[in-house]
Structures are given as C-alpha cells and as structure tokens.
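Me: Can you walk me through this one? I'd like the overall build, then the pockets, then the rings.

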Amino acid sequence: MTKPPRKPSKPLLGETEAPIRSRPRKKRDPAQHQLTLDPMPPRIDPCLALLKPRPPKGRQWAFEVKWDGYRLAIHIEPKGVRVITRGGHDWTDRFPAIVAAAKRLAVSTAILDGEAVVFDELGRSDFGKLQQSLGGRGGSRTSWESVCMVFDLLYLDGRDLTETEFTARRHLLEGIVPPGGEEAIRLSEEIEADGETLLRIACEHGLEGIIAKDRNSTYRGGRGGEWQKIKCVQSDGFAIVGYQRSSSAFGNIGALLLAARRDGQLVYVGSVGTGFKASEAMNLRAAMDKRKVSAPAVRYTGRRKNLIWIKPTLIAEIEYRAWTHDGKLRHPSYKGLRDAADNPSICEI
C-alpha cells in the first residue's frame, strides 16, 4: 500500500498565486539597540514638592537634602542628550559639563530628574552663584561649574517608569549614577535619619532644608503631596509690583514692593530692602524701569515715598522668617530674580 503524498508544510510559500504573502524584511537600524516598548515623551510635567512646616513621620518617607538651583530633566537618547528646564525650555547648550557626563552613563535611553546647582566653598548649593555662572537672569553664558544632582528616574531603555513606585525608580537610578566622584551628574543621596533629626542637622550646616518623598508613590506632575519640602528658612517667589527710589542704595533701589496671590488676586505683602549686591542691582533696576506703569497692580496703603510702580512680571526669590499678623513678610531678604525658564510661580497665601 502506497502512502498518500505529504502536504507541504508551508503551503502559502509553495503557491505562486497565493492571495497573501510575507511582508518584505527591513534592514535593522543600527542606532536602535532594542525594541522601544514605550515612546520617550518629549517632556514630563515635573513633580513638585509641597511646602510643609514640619517633616512627616513614618517609615514610608524617604529624606534627601533640598537643593537650591534650576530644575532640569536630562533626556538621553542614541541621537544625543537634551537638557530641558522646568518650564520646557531647551538649555542643552548652557550645561556642557552635564551633557558630557550624561553621555558617559551606561544607558541607551533615559530621562533623569534633577537640579542644576553650583556649590559654594562649604559645599552648599548657592542659587546666586548658579545665576552668575549663567550670566545672570536672562543671560546667555554656558555654565561649566554646574552639577546636576539627580534624584529620580522617569524613563529607562524603552520603559516609562512614571507609574512605578518611587522605591523601584530610586533602585534603578542608583545603578546608573556612579557613587561618589566629581562628575557633573551626581546622585542626591537618600539619608537614613528621621525627618526631625535631618532637618536640625541641615539647618545647623546652613542648608536650605530637606525633601520628604513617599516611597510608595508614583510620579505625578504638580504639587500632589507625594513630595514635601521643609525649609530651615522659608523662601518663596513674589511678584515685584514696584520699588522705592533711593539715591544712596545700590542701583538706587531703596526697597522692592512685593505681592503674593490670594484667591487668584495679587495682594501687597510688604517690602524688602536687604540682600542686594552691587553687581546685580543695576541690572535689576534696568529690568524694572522697562516695566513702569502709572498705577500699582495691588492696593497699597503704606506711607513710603518716591515709589515707582511696575508691571508684576518679575518674580523675586525672597527668604523670610514668618508672616506678621496683618499678612506681611517678617525679616525678608532678597535672593535673586527667578528666570522665566525656571517656570517661576508666585506664592499663594
């Protein structure tokens, strides 16, 4: 008995008139190291820390030093590195040392979340020195001194990590950023201490404060409370609505008149007359004189004379100790102007 003929194992490939056929193969792109599972987003809205008077308690909270600089997202791809500010501006050309350090990291694709800082002689982040290294507010210099203290990992080798809990993101980040060293990208270390102890030590060393992060939280843009900041000295952004002219002060600025937001409206919160540096005062005065207006943007009932009112478009970073009973800043000190690229926000009261 003869066996029936065996059917072809691949009938479609054996028939010249087959109705369907295999799609032609494409050459592999040598720049593609692996299949991209999640497309890299062009920008991720940054998670912001909510200001709190005291550190939270509980084992769910991780603590770090609070850095005083410019928030950055570092996008690493095979085609190159991009440095994006909190406001979405591309500042890649302004941080060449950070870009060079990013290219040396052993990753194919990644998005690092961090803060660009410049350190003073005691190793503390100094916002004024950072601004000077960039040529001042609105300047165009490149900053070779800047270091990016990275504290989160949002994307890695084709994986979107924003829905992954913070503990896992930190574990992956620690495997990417080399420990110690003097690179322009460094890890913002988690510190093993309770919040109250760490805050006390941070304040004793002249640091700005600490950050608390919920270990179980995912990454969410805005101030949702998953991250909290506790400051040694309070500091916020306030709109400059005018200044008092003085012939004896740097830049002829006797004091700045400040405003914050209450229920969506600008309200006067007092003045600041200290903290100005001679090298910065003239530039500040020139910026304000370009914005002169005839009437104030807030209701003002004070007794100061020689006042010049301006449009409330300049945001000053102000340190202060507390609020008075009538809603004015107590012991304020001027730190500098926030750059538009840093997406400055006005204090809400």
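Here is the chat that followed, topic by topic.

Me: Quick check before we start. What kind of model is this?
Reply: It is a predicted model.

Me: Fine. How many helices and strands are there in the protein?
Reply: The protein has six helices and 19 strands.

Me: And how much of it is buried?
Reply: Of the 349 residues, 48% are buried.

Me: What share of the contacts comes from residues 24 or more positions apart?
Reply: They account for 68%, counting contacts with a separation of 6 or more.

Me: Pockets next. How much space lies in the largest pocket?
Reply: About 710 Å³. Its lining has 33 residues. Nearest the centre are Ala 49, Lys 66, Arg 86, Arg 223 and Lys 229.

Me: What is the lining of the largest pocket like by class?
Reply: It has 16 charged residues, 13 nonpolar and four polar.

Me: Which strands supply at least two residues of that lining?
Reply: β1 (50-51), β2 (61-65), β9 (209-214), β10 and β11 (234-245) each do.

Me: And the second largest pocket, how much space lies there?
Reply: That one holds about 450 Å³. It is lined by 19 residues. Asp 68, Ser 125, Asp 126, Glu 319 and Lys 335 lie nearest its centre.

Me: Which elements give two or more residues to it?
Reply: Helix α3 (127-133) and strand β19 (333-337).

Me: What is the cavity lining like by class?
Reply: Eight residues are nonpolar, four are charged and two are polar.

Me: Switching to rings. How many aromatic pairs does the structure hold?
Reply: It holds 12. One of them is Phe 151 with Trp 227, an edge-to-face pair. The centres are 5.9 Å apart, with 85° between the planes.

Me: Where do Phe 151 and Trp 227 sit in the chain?
Reply: Phe 151 is in strand β6 (residues 147-156) and Trp 227 is in strand β10 (residues 227-231). They are 76 residues apart, so the pair links distant parts of the chain.

Me: Is Phe 151 buried or exposed?
Reply: Phe 151 is buried, because its relative accessibility is 6% and the cut-off for buried is under 20%.

Me: And Trp 227, buried or exposed?
Reply: Trp 227 is buried too, with a relative accessible area of 3%.

Me: What sits over the ring of Trp 227?
Reply: The charged end of Lys 213 does, 3.9 Å from the ring centre.

Me: What lies over the face of Trp 91?
Reply: Arg 94, at 4.4 Å from the ring centre. Trp 91 is also part of a cluster, in which ring pairs link it with Tyr 70, Phe 95 and Phe 127.

Me: Backbone now. What is the phi of Asn 252?
Reply: It is positive, about 60°, although Asn 252 is not a glycine. Asn 252 lies in the loop between β11 and β12 (253-262). Its relative accessible area is 29%, so it counts as partly exposed.

Me: What about phi of His 331?
Reply: Also a positive value, near 55°. His 331 is in the loop between β18 (329-330) and β19.

Me: Is His 331 buried or exposed?
Reply: His 331 is exposed, because its relative accessible area is 59% and exposed means over 50%.

Me: Last one. Where is Thr 167?
Reply: In helix α4 (residues 166-174). Thr 167 is partly exposed, with a relative accessible area of 41%.

Me: How far apart are Thr 167 and Asp 214?
Reply: They are 47 residues apart in sequence. In space, the distance is 8.7 Å, C-alpha to C-alpha.

Definitions and conventions. Residues numbered from 1 in each chain as written. Predicted model: local features only at pLDDT ≥ 70, side-chain atom pairs only at ≥ 80, totals over all residues. Heavy atoms only, no water. Phe/Tyr/Trp six-rings, centres within 6.5 Å; stacked < 30°, edge-to-face > 60°. Helix = DSSP H or I, 4+ residues; strand = E, 2+ residues; numbered from the N terminus. Buried < 20%, exposed > 50% of the residue type's maximum accessible area, 1.4 Å probe, protein only. Lys NZ or Arg CZ within 6 Å of the ring centre and 35° of its normal. Nonpolar A, V, L, I, M, F, W, Y, C, P; charged D, E, K, R; others polar. Contact = heavy atoms within 4.5 Å. 1 Å grid on protein atoms, 1.4 Å probe; cavity = no way out; pocket = protein on both sides within 12 Å on 5 of 7 lines; lining within 4 Å. Points joined across faces, edges and corners; volume = space filled by probe spheres on them.
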